[in-house]
Amino acid sequence: MAAETLPARSATAVRRTRPPRRLPPVKTVIIAAAAYAIAVIFLLPYVEMVITALRPQRELLERNYLPHHFAWSNLTGMWGSGFGNTTSLRISLEVAGGATILVLLVAMPAAYYTARNRFRGRGLFLLVVLVTQMLQPTALIVGIYKEFLGFHLVNTVWALILINAGFNMAFAVWILNAYFGSIPVELEEAAMVDGSGRLGAMFRVTLPLAMPGVVTALIFTFIAAWNEFIVALTLTTGSAVMPLTVRLDSFIGQYTVDWQHLFGASVVATIPVLILFALIEGRVVGGLTAGSIK
């Protein structure tokens with residue numbers, strides 16, 4: 001009988017000695033509630049886009065938030081040849097991907113060299129790079145169009161790649177310069193003592209450590225090139241090289257707006273960026289917060 005009651009007493013003793021569950025502080029609850037409220041506010045436009053994209057034509061002017069019937073044909077029908085969304089999606093991927101690759105190929109050597117060498121004019125070079133961020137494409141659109149017209153690059157994908165790469169180069173150079181500068185040069189020297197050359201030490205030691213900064217520059221360049229509209233609208237006059245941002249504008253007519261396909265294409269335009277950010281979100285946060293804690 002005593003043997004049977006021993007486990008029960010032990011369990012009772014454990015329950016008595018276990019500390020009571022503490023409720024979170026009021027400040028934490030308020031901050032969490034505010035964060036959820038802000039998240040809902042930011043998500044509501046996307047929810048509205050999806051609902052409008054699935055709303056039948058006859059229910060566009062109704063006050064009901066949700067349609068009586070979801071018209072899935074709006075999303076499947078917009079991929080027809082008459083809309084051109086398939087071509088525009090491919091062009092946007094080519095432009096954003098090409099600009100991102102070009103920026104990284106140029107910005108990484110420039111940032112590495114300026115971070116590792118204290119040459120005369122280094123500060124002026126970095127200042128000139130930073131000043132280019134003050135010049136927005138909208139203010140230079142006439143000169144840009146005339147220049148690319150002279151090189152016969154108007155209405156080409158290469159024009160959009162070069163423009164987007166040029167206007168995102170400064171950000172990439174500065175963030176990579178700061179990140180390369182935060183990595184001790186002694187690590188490269190140790191690798192060179194072990195037999196690696198300068199390039200080998202950079203690729204095997206410095207570049208892996210600087211990967212969060214590289215990823216940060218990558219995703220910001222990709223998003224900026226993906227969302228660019230003014231230059232693409234000016235330099236593309238044909239449907240064959242029209243990116244998705246310009247294609248969205250074609251759904252807005254003089255007297256009518258094709259709301260279903262406009263919002264449907266808008267939903268599609270957000271998907272590649274969401275996928276890219278979800279894949280490398282951790283490294284982006286690491287790159288943005290690098291150096292904030294010592």
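## A buried glutamate to start with

Glu-188 is buried, its relative accessible area being 0% (buried means under 20% relative accessible area, exposed over 50%, and partly exposed in between, using a 1.4 Å probe and protein chains only). Its side chain meets that of Arg-116 in a salt bridge, 3.3 Å from N to O (a salt bridge is a side-chain nitrogen of Lys or Arg within 4 Å of a carboxyl oxygen of Asp or Glu). This pair ties together distant parts of the chain: Arg-116 sits in helix α4 and Glu-188 in helix α8 (residues 185-193), 72 residues apart. Arg-116 counts as buried too, at 18% relative accessibility.

A quick word on the model: it is predicted, so local features need pLDDT of at least 70 and side-chain atom pairs count only at pLDDT 80 or more, while totals for chains, interfaces and linings use all residues. Residues are numbered from 1 along each chain as its sequence is written, and side-chain values use heavy atoms, leaving out hydrogens and water.

## The other salt bridge

The count comes to two salt bridges. In the other, Glu-94 pairs with Arg-90, with the closest N and O atoms 3.1 Å apart. Both residues lie in helix α4, four residues apart, or about one turn of the helix. Glu-94 is partly exposed at 34% relative accessible area, and Arg-90 is partly exposed at 41%.

## Helices throughout

The protein chain has 13 helices and zero strands (helices are DSSP runs of H or I, at least four residues, and strands are runs of E, at least two, numbered from the N terminus). Of its 294 residues, 36% count as buried.

Helix α7 (residues 157-181) has 25 residues and should span 36 Å at 1.5 Å a residue; its end C-alpha atoms are 35 Å apart, which agrees (the expected span is 1.5 Å times one less than the number of residues). There is also a kink of about 40° in α7, centred on Asn-168 (the bend is the angle between axes fitted to the seven residues ending there and the seven starting there).

## Inside the fold

The largest nonpolar core has 38 residues, and Val-103, Leu-176 and Trp-226 are among those with the most contacts inside it (such a core is a set of buried Ala, Val, Leu, Ile, Met, Phe, Trp, Tyr and Cys residues joined through side-chain atoms within 4.5 Å). Helices supplying at least two residues each include α4, α7 and α13. A second, separate core of 17 residues includes Ile-141 and Ala-232.
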